[in-house]
Amino acid sequence: MKKLLSFLTFSVFALASVSCSSRIVPSANINTETEKIEENTIPIGELTVPPTEAPTEPTPVEITINFMGDCTLGTQHGADTPGRFNATADAQPAHYFFDGVREILEEGTFNITNCEGVLSDGPVTEAFKDYDPAFWFKSSAKNAKVFSENGIDLVGIANNHINDYNAQGRLDTIGALENNGVLWCDNTNDVVLEYEGIRIAVFCTTLWHPDAPNGICSRITEASANTDLQIVFFHGGTEYIHSPDSYKVQYAHSFVDAGADLVIGSHPHVLQPIEVYNGVNIVYSIGNFVYGGNSRPENRTVVYQHKFTFDDKVLVDSSEEVFPCYIYTGDVNEYQPTLIDDPEDKQLVLDFMYGKADSPL
């Protein structure tokens, strides 16, 4: 798998020379030194001139990015209830959770998802929530390996569960991710990914109406001056509806107007369709993925894959592919999304994502 070469959070070749020396034959008396002249003379037929190398044409660079929806690597109150995520993570190797989409992940230059929950082994306290029902999702810091051992390069933590255990829980989660080599982004921490000289700015943000998304449009515009792609991965909207809120549409359009080349959404826990706005794809929700928050979530999701091709650092092609998945294949959630083989189920998801059906089910 192609991997991350370098990353930067926003804040804002030596030349080799070759010298050539000529062999100079000292002058000699032609009448008396004929043999010496003959010894030092290169016959014309043996004289060769190195060919001039043609300028090297730039090689096109193709970047493949896979996006997956909400990954809640935890359970309510961090409980170890049999059959729920925490108990499953203790019983299964880390690679288990993404085995059902392994072939797609291996195509990715970068793989990106949403980390919705707290990864902590420390003494943390539940945050106060003044609504019902309320949920607090947590598991051990070791479960950050579920991302790192499955080739997940970057996770968004701009969501409504990263602070379930207050500031300490958030810090512990960031520490667990960083200790496992997983990059993270949120409302204030934008990330630049780099591959073969192509720089990709990723902005993660929550999107709650009517709050404006934290100056993100100006950050996108500013980043356009020194990056080659700008991608927004947002988290917001009404849960369990298959169409995007009007305010979410408005914000997504503003991201594109500011310079975003791709906009991806999460949070509703169900899929929402793709819109093409001014030539840019907006995926309003990619649903759940490895989702420990529910034993029977709506059982359809996707891996959304987008390919960008650059020629001499100019974007010359952009295309997407949608891979429909079951979130679980048994009676209840096994936390292992799997590519759909059934042609009718697969087509229905595709029809929904492209606006030809009202539901993916």
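User: Contact means heavy atoms within 4.5 Å. Setting aside neighbours within four places in sequence, with which residues is Pro 360 in contact?

Analyst: This is a predicted model, in which local features need pLDDT of at least 70, side-chain atom pairs count only at pLDDT 80 or more, and totals for chains, interfaces and linings use all residues. Residues are numbered from 1 along each chain as its sequence is written, and side-chain values use heavy atoms, with hydrogens and water left out. Pro 360 is found in the segment after α8; helices (H or I, at least four residues) and strands (E, at least two) are DSSP runs numbered from the N terminus. With sequence neighbours within four places excluded, the contacts of Pro 360 are His 242, Leu 271, Glu 298, Arg 300, Leu 348, Val 349 and Phe 352.

User: Is Pro 360 buried or exposed?

Analyst: Buried means under 20% relative accessible area and exposed over 50%, with partly exposed in between (1.4 Å probe, protein chains only). The C-alpha atom of Pro 360 is 9.5 Å from that of Pro 324, a residue 36 places away along the chain. Because the relative accessibility of Pro 360 is 1%, the residue counts as buried.

User: Against which strands do the buried residues of α8 pack?

Analyst: Helix α8 spans residues 343–353, and its buried residues are Val 349, Leu 350, Phe 352 and Met 353. These residues fall within an arc of 160° when seen down the helix axis, so they line one face of α8; the arc is that of the directions from the axis to the C-beta atoms. On the face turned away from the buried side stand the exposed residues Pro 343 and Glu 344. The partners of the buried residues are β13 (271–277), β14 (280–286), β16 (301–311) and β17 (314–326).

User: Against which elements do the buried residues of α6 pack?

Analyst: Helix α6 covers residues 216–223, and Ile 216, Arg 219, Ile 220 and Ala 223 are its buried residues. Viewed down the axis of α6, these residues lie within an arc of 100°, so they line one face of the helix. An α-helix has 3.6 residues a turn, so residues three or four places apart point the same way. The packing partners of the buried residues of α6 are β10, β11 and α7 (246–258).

User: Which element gives the largest share of the lining of the largest cavity?

Analyst: A cavity is a set of points, on a 1 Å grid over the protein atoms alone, where a 1.4 Å probe fits but cannot get out, and lining residues have an atom within 4 Å of a point. The lining of the largest cavity consists of Asn 114, Gly 156, Ile 157, Ala 158, Cys 204, Thr 205, Phe 233, Phe 234, His 235 and Ser 266. Two elements give two or more residues to this lining, β10 (198–206) and β11 (229–235). The largest share, three residues, belongs to β11.

User: Which residues does Asn 143 touch, not counting those up to four places away in sequence?

Analyst: Asn 143 is placed in the loop between β6 (137–139) and α4 (145–148). With a relative accessible area of 4%, Asn 143 is buried. Apart from residues up to four places away in sequence, Asn 143 touches Leu 73, Phe 85, Ala 89 and Leu 119.

User: Where is Pro 133?

Analyst: Asp 132 and Pro 133 are joined by a cis peptide bond, with omega about 0°. Pro 133 belongs to the loop between β5 (118–119) and β6.

User: What is the relative accessible area of Asn 278?

Analyst: Asn 278 occupies the loop between β13 and β14. Although Asn 278 is not a glycine, its phi is positive, about 50°. Asn 278 is exposed, as its relative accessible area is 60%.

User: How far apart in space are Leu 339 and Val 302, C-alpha to C-alpha?

Analyst: Leu 339 is part of strand β18 (residues 338–339) and counts as buried at 18% relative accessibility. Beyond its neighbours within four places in sequence, its contacts are Gly 100, Val 101, Glu 103, Ile 104, Phe 323, Pro 324 and Cys 325. Leu 339 and Val 302 are 37 residues apart in sequence, and the C-alpha distance between them is 8.3 Å.

Note on methods:
1 Å grid on protein atoms, 1.4 Å probe; cavity = no way out; pocket = protein on both sides within 12 Å on 5 of 7 lines; lining within 4 Å.
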